[in-house]
Amino acid sequence: MSSSCDPRYAPAGDVGAALMVIDSRLKAVYDGTSGTDPEQQQLIDQFTASLSPRAAGEVIDGACTLIFMFMNWLRMAYEDHDKDVIEYVVPNLVATMRMMPRSVRPEVIPTMAGLLVAAGTGLSPSLWRKQYGEWTEKEMTPLEATAFLLAEHINRLTDDRDFASRMIVEALSNAARD
C-alpha cells in the first residue's frame with residue numbers, strides 16, 4: 001500500500017540552493033571559521049531575505065530532499081554492514097543537536113528526529129512534516145543543522161570532506177541528463 005508520504009509525491013524543491021547553504025557551512029567548519037565569519041553570515045542573511053515565501057518554501061523542500069537523499073545513502077551504507085541506519089544515525093544526531101541549545105531548541109529536536117526516522121524508513125521528510133502543519137520559524141535553523149549534520153556524518157564515514165556535496169551534485173547532473 002502506498003503512503004501519503006511516499007517520496008514520489010513530494011516536491012524536490014530547490015535542492016541547489018539548499019545544498020549551497022549546507023556546503024558553505026561545511027566549508028566554514030572545515031576551515032575553522034564556523035560561526036565567526038560575519039561576511040558569510042551576511043551573504044546568507046541577504047540571500048534568505050531576498051526569497052519570496054514561495055522561494056523560501058522551495059529551499060525548505062530542497063533541504064528535506066537533501067535529508068532524504070543523505071539518509072537513503074546512509075541506510076544503504078549501514079545495511080552493507082548489517083546495521084540499521086535509524087539505530088546508528090538518529091541517536092547520534094539527536095545527541096549532537098542537544099549539545100547545540102543556541103541553534104537547536106530542545107522542543108524542536110523531536111521534529112528533527114521524526115524527519116530522520118521518516119527519511120530512514122523511505123518516507124518523504126517534507127510530506128511527513130506537512131501532516132503536522134506549516135513549518136515554523138523555530139524549525140528553520142534546526143532543519144539546516146539536521147541536513148548539515150547528515151552531510152558531515154557522510155563526509156566522516158567516507159573520509160572525504162566533499163563527498164556528500166559531490167554525491168548530490170552528481171545526482172542532480174544525472175537527473176538533468178535523463
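Colleague: A nonpolar core is a set of buried (under 20% relative accessible area, 1.4 Å probe, protein chains only) Ala, Val, Leu, Ile, Met, Phe, Trp, Tyr and Cys residues joined through side-chain atoms within 4.5 Å. Which residues in the largest nonpolar core touch the most other members?

Modeller: This is a predicted model, where local features need pLDDT of at least 70 and side-chain atom pairs 80 or more, while totals for chains, interfaces and linings use all residues. Residues are numbered from 1 along each chain, and side-chain values use heavy atoms, without hydrogens or water. Of the 47 residues in the largest core, those touching the most other members are Phe70, Met71, Leu143 and Leu150.

Colleague: Which element gives the most to this core?

Modeller: Helices here are DSSP runs (H or I, at least four residues), numbered from the N terminus. Among the elements giving two or more residues are α1 (15–31), α7 and α8. With ten residues, the top contributor is α3.

Colleague: At what angle do α7 and α8 pack?

Modeller: Ala151, Ile154, Asn155 and Thr158 in α7 meet Phe163, Ala164 and Met167 in α8, where contact means heavy atoms within 4.5 Å. The axes, lines fitted to C-alpha atoms over the stretch in contact, with angles from 0 to 180 degrees between N-to-C directions, are 7 Å apart. The helices are roughly perpendicular (65 to 115 degrees), and the angle is about 105 degrees.

Colleague: How far apart are the ring centres of Trp73 and Phe163?

Modeller: Trp73 sits in α3 and Phe163 in α8, 90 residues apart. Rings of Phe, Tyr and Trp (its six-membered ring) pair if their centres lie within 6.5 Å, and planes under 30 degrees apart count as stacked, over 60 as edge-to-face and the rest as tilted. Here the planes stand at 55 degrees, so the pair is tilted, and the centres are separated by 5.4 Å.

Technical notes: Angles under 35 degrees count as roughly parallel, over 145 as roughly antiparallel, 65 to 115 as roughly perpendicular and the rest as oblique. Buried means under 20% relative accessible area, exposed over 50%, partly exposed in between (1.4 Å probe, protein chains only).
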